[in-house]
Amino acid sequence: MTVLLSSQNRVLLLIIGCAVLWSLESVMPLYRFRDHRLRRTLPNVGLTVLVLLTNLVLSFAAASVAGFVVSHRIGLLFLTRLPLWIEVIIGVAALDLFAYVAHVLLHKMPLAWRFHRVHHSEEEVDVTTAFRQHPGESIWRVLWQLPAIALFGLPLWLVVVYLTVSAVNAQLEHANVRLREPLDRLVRALFVTPNMHKTHHSRRQTETDSNYSNIFSLWDRVFGTYTAHVAFPTLRYGLDDLDERETQRLRGLLAMPFASHGAPLLAKGR
Ligand SMILES: [Zn+2]
Ligand SMILES: [Zn+2]
């Protein structure tokens, strides 16, 4: 399975996913955006490359922790013998719970929010927004995978399975594709859907502060951060203090965590 999910194959999978969803966005768009599509997308492509490189460099950390706990039989999964498919579900759910906590903290900790607002500054969310992430946020997210791997004793291949499903789902969640609400609601019983995650990209603070889950929608329901209603006719993406074109370029996005114009948002108690 590790061979099937090699780095090259995963990148190929993401490129194919992006191409398919990019095409669907042209055929059945949720919103018709004003800006020139390719020009708007370029900074996201640049950040995607940086995210992939950052994750590649940091993959040794997950590999080291996973190798150590498996070789020493440390972790909850070693307490009892379970069928493989149950171990996979437990492992994926554990990593997803830690991803949920990491995401909530990205909003609640002022320093972390400075990095995460690069993702939320997107004014026209589409498939390329999936990896519009500052490298600083990538490091933060990897750091939160390590305790999950250590606590549950997860092998590296299971971590790779989780990251692959997570990446594909991220593309789906951000795709600017119109989905029928009844279908979205049905899938949302278990998984985070495009409509559910787009609520999290709203400029309205109460909506931004909800729907943090990554793959399983369960975490938002359990921790009381779930917003079911999606008001697409009035929903606006982005952040009020980051509309200038200069901040939306690659250089502006990379400098965003260190710029002073984040202060008003921090004062709102993120
Ligand atoms: Zn967020
Ligand atoms: Zn997002």
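What radius of gyration would a compact globule with 270 residues have, and what value does the protein chain have? A compact globule of 270 residues would have a radius of gyration near 18 Å, and the protein chain agrees, with 18 Å. The radius is taken over C-alpha atoms, and the globule rule is 2.2 Å times the number of residues to the power 0.38.

## Basis of the model

This is a predicted model, in which local features need pLDDT of at least 70 and side-chain atom pairs count only at pLDDT 80 or more, while totals for chains, interfaces and linings use all residues. Residues are numbered from 1 along each chain as its sequence is written, and chains are lettered from A and ligands numbered from 1 in the order in which they are written.

The pLDDT is the predictor's confidence in each residue, from 0 to 100. Its mean over the protein chain is 89, and 93% of the residues reach 70 or more. Over residues 263–270 the pLDDT is below 50, and this stretch has twelve contacts in the model beyond near neighbours in sequence. Where pLDDT is low, the predicted coordinates should not be read in detail.

## Overall architecture

The protein chain holds twelve helices and zero strands. Helices (H or I, at least four residues) and strands (E, at least two) are DSSP runs, numbered from the N terminus. Along its principal axes, the C-alpha trace spans about 55 × 40 × 35 Å.

Two residues are in contact if their C-beta atoms, placed from the backbone, lie within 7 Å. Of the contacts with a separation of 6 or more, 76% are between residues 24 or more positions apart.

## Burial and the nonpolar core

A residue is buried if 20 or more other C-beta atoms lie within 10 Å of its own, exposed if 12 or fewer, and partly exposed in between. By this criterion 33% of the 270 residues are buried. Eight of the eleven residues of H4 are buried, so this helix is largely enclosed by the rest of the structure; among them are Phe115, Arg117 and His119.

A nonpolar core is a set of buried Ala, Val, Leu, Ile, Met, Phe, Trp, Tyr and Cys residues joined through C-beta atoms within 7 Å. The largest one has 41 residues, of which Ala66, Leu95, Ala148, Ile149, Leu154 and Val159 touch the most other members. Helices H2 (37–71), H3 (84–108), H4 (110–120), H5 (135–152) and H6 (156–174) each give two or more residues to this core, and H3 gives the most, with seven. Leaving aside residues up to four places away in sequence, Val159 touches Ala62, Ala66, Leu95, Gln145, Ile149 and Leu154.
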